[in-house]
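Me: I have a structure open and would like to learn how to read it feature by feature. Could we begin with a helix?

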Amino acid sequence: MNRRSYIAIGITLFIMLSLCPPASAQNDKVHWLTFEQLEDSLAVKPKQVFIDFYTDWCAYCRKMDRLVFTNSEIAALLNSDYYAVRFNAESDSAINFGSRQFVNDQIGRSRSPIHQIAQLLALRDGHFVAPTLVVLDETFRVTARYFEYMSSRRLLAALQ
């Protein structure tokens, strides 16, 4: 090989390594799924499910995004032992799950319209509180609900 070939290979390797994050950086992020992706994943391999119900106006939800869900231990645990779903409880999206369609039928009728999926899984005494974290077993039965901000330490203890 001549000198130009070595330079071209070097430049190509530099660009590839610059664009690809290190493997450890990939483990620091929770691999969030949609409900549709969750249904497909559960059909292939049953696994526990973790759902983060949030709203855009919730300061504690944003704090969990910044401090808890970026924690490498939390991300590793959720990615290995759970299917993690993140869902805006006030979403106006139609969700197809389990041969049913779920919608937000409160839009236009309520100041804080709560989606049917959040109503089904994340209500406490008939009201939605953000953030709400829901854990389901492999058969999609609720095993735990947390209606509050949880620190990394508390969430790790709850999920282990």
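Predicted model: local features only at pLDDT ≥ 70, side-chain atom pairs only at ≥ 80, totals over all residues.

Me: What caps the N-terminal end of α5?

Reply: N71 does, with a side-chain oxygen 2.7 Å from the backbone nitrogen of E73.

Me: Which residues of helix α7 are buried?

Reply: In α7 (residues 152-159) they are S152, L155, L156 and L159. They line one face of the helix, since down the axis of α7 they fall within an arc of 100°. The face turned away from that buried side carries R153 and A157, which are exposed.

Me: Against which elements do the buried residues of α7 pack?

Reply: They pack against β2, α4, α5, β3 and β8.

Me: Now the overall inventory. How many helices and strands are there in the protein?

Reply: The protein has seven helices and nine strands. It has 160 residues, and 37% of them count as buried. Among contacts with a separation of 6 or more, 64% are between residues 24 or more positions apart.

Me: How do I read the sheet?

Reply: Strands of a sheet pair through backbone hydrogen bonds, in either a parallel or an antiparallel sense. Here five strands form an open sheet with mixed pairing, and the order is β1-β3-β2-β8-β9. At the edges are β1 (32-33) and β9 (142-146), each of which pairs on one side only.

Me: In which sense does β2 pair with β3, and over how many bridges?

Reply: β2 and β3 pair in the parallel sense over seven bridges.

Me: Is β2 mostly covered or mostly open?

Reply: Mostly covered: six of the seven residues of β2 are buried.

Me: Which residues have the most contacts inside the largest nonpolar core?

Reply: That core has 26 residues, and those with the most contacts inside it are F35, L38, I51, F53, I95, I117 and F128. Two or more residues each come from α3 (35-44), β2 (48-54), β3 (82-88), β4 (95-97), α6 (116-121) and β8 (132-136). The largest share, four residues, is that of β2. There is also a second, separate core of 19 residues, which includes M64, A84, L133 and L155.

Me: Does T55 count as buried or exposed?

Reply: T55 counts as buried because its relative accessibility is 1%, and buried means under 20%. Leaving aside neighbours within four places in sequence, T55 is in contact with C61, N88, A89, E90, F128 and A130.

Me: Last topic: how are aromatic pairs described?

Reply: A pair of aromatic rings is described by the distance of the centres and the angle of the planes. A search of the whole structure finds eight such pairs. One of them is F35 with F87, an edge-to-face pair at 5.4 Å centre to centre with 80° between the planes. F35 lies in helix α3 and F87 in strand β3, so this pair ties together parts that are 52 residues apart in sequence. F35 and F87 are both buried.

Me: What are the values for F53 and F87?

Reply: Their ring centres are 6.2 Å apart and their planes stand at 85°, so the pair is edge-to-face. Because F53 lies in strand β2 and F87 in strand β3, the pair ties together parts that are 34 residues apart in sequence. F53 is buried, as is F87.

Me: Which residues do ring pairs link into a cluster?

Reply: The cluster consists of F35, F53, F87, F97 and F140.

Definitions and conventions
Residues numbered from 1 in each chain as written. Heavy atoms only, no water. Polar contact = N/O pair within 3.5 Å; in protein donor to acceptor, adjacent residues only side chain to side chain. Core = buried A, V, L, I, M, F, W, Y, C linked by side-chain atoms within 4.5 Å. Buried < 20%, exposed > 50% of the residue type's maximum accessible area, 1.4 Å probe, protein only. Contact = heavy atoms within 4.5 Å. Pairing = 2+ DSSP bridges. Phe/Tyr/Trp six-rings, centres within 6.5 Å; stacked < 30°, edge-to-face > 60°. Arc of directions from axis to C-beta.
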